[in-house]
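Here's a quick briefing to read alongside the model. Have the viewer open and click along as you go.

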Amino acid sequence: MRPLATLRALGAVRLLARGHSISNVRDHFRYLSHYLRPVRLEEIAEAVSGGEAPPAASFAVTFDDGLRNNVTHAIPVLREMEIPATFFVPSRLVGSQEDL
């Protein structure tokens, strides 16, 4: 099984015990990218569904909570570092002001 990096909450400053600072996120991505190749989650899913191993020495980044800070903080860092990511958004929250 290949590493899969997932981050729960992001912010410009630390967000309680469950969050990550942007500089911490950059450090994690720098570290991962130094040793592994970032790939789209689809690349891993396609390989596994075809009975093959995931791409060697690779990692995928996912965000599974649909928080606004994924857009305001994570996407700029991902673009800057050229790291693909997959975002999962809870469909019942789309268009609402409700928070997780």
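Which residues does Ala 85 touch, not counting residues up to four places away in sequence? They are Val 61, Phe 63 and Leu 78. Keep in mind that this is a predicted model. With that said, here's the rundown, starting with the whole chain and then zooming in.

**The big picture**

- The protein has 3 helices and 6 strands, and reading along the sequence gives you the pattern β-β-β-α-β-α-β-α-β.
- It runs to 100 residues, of which 34% count as buried.
- Take the contacts with a separation of 6 or more: 55% of them are between residues 24 or more positions apart.

**Strand β5, under cover**

- β5 spans residues 58-63, and 6 of its 6 residues are buried, so call it mostly covered.
- In a regular strand, side chains alternate between the two faces of the sheet.
- Both faces of β5 are covered: one side carries Ser 58, Ala 60 and Thr 62, the other carries Phe 59, Val 61 and Phe 63, and all of these are buried.
- Strand β4 (residues 37-38) runs parallel to β5, and 2 bridges join the pair.

- Is Ser 58 buried or exposed? It's buried: its relative accessible area is 0%, and the cut-off for buried is under 20%.
- The Ser 58 side chain reaches the backbone oxygen of Pro 55 at 2.6 Å.
- Ser 58 also has a bridge partner, namely Arg 37.

- Ala 85 sits in strand β6, which covers residues 85-87.
- Its relative accessibility is 28%, so Ala 85 counts as partly exposed; that class lies between the 20% and 50% cut-offs.
- Ile 75 is 10 residues away from Ala 85 along the chain, and their C-alpha atoms are separated by 8.6 Å.

- Which residues turn up here? Ala 57 is one of them, with a positive phi of about 50° although it is not a glycine.
- Ala 57 lies in the loop between α2 (41-49) and β5, and at 41% relative accessibility it counts as partly exposed.
- Glu 82 is another residue other than glycine with a positive phi, this one near 55°.
- You'll find Glu 82 in the loop between α3 (68-81) and β6.
- Glu 82 counts as exposed because its relative accessibility is 68%, where the cut-off is over 50%.

- Phe 87, Val 89 and Val 94 make a nonpolar surface patch of about 270 Å².
- Where does Val 94 sit? Look in the segment after β6.
- Val 94 is exposed, with a relative accessible area of 61%.

Definitions and conventions: Residues are numbered from 1 along each chain as its sequence is written. This is a predicted model: local features need pLDDT of at least 70, side-chain atom pairs count only at pLDDT 80 or more; totals for chains, interfaces and linings use all residues. Side-chain values use heavy atoms; hydrogens and water are left out. Helices (H or I, at least four residues) and strands (E, at least two) are DSSP runs, numbered from the N terminus. Buried means under 20% relative accessible area, exposed over 50%, partly exposed in between (1.4 Å probe, protein chains only). A polar contact is a pair of N or O atoms within 3.5 Å; within protein, one must be able to donate a hydrogen and the other to accept it, and residues adjacent in sequence count only if both atoms are side-chain atoms. Contact means heavy atoms within 4.5 Å. Patches are made of residues with over 30% relative accessible area and no salt bridge: like charges are joined within 9 Å, nonpolar side chains (Val, Leu, Ile, Met, Phe, Trp, Tyr) within 5 Å. Accessible areas come from the Shrake-Rupley method with a 1.4 Å probe; for residues, only the protein chains shown count as cover. A salt bridge is a side-chain nitrogen of Lys or Arg within 4 Å of a carboxyl oxygen of Asp or Glu. Two strands pair if DSSP finds at least two bridges between them.
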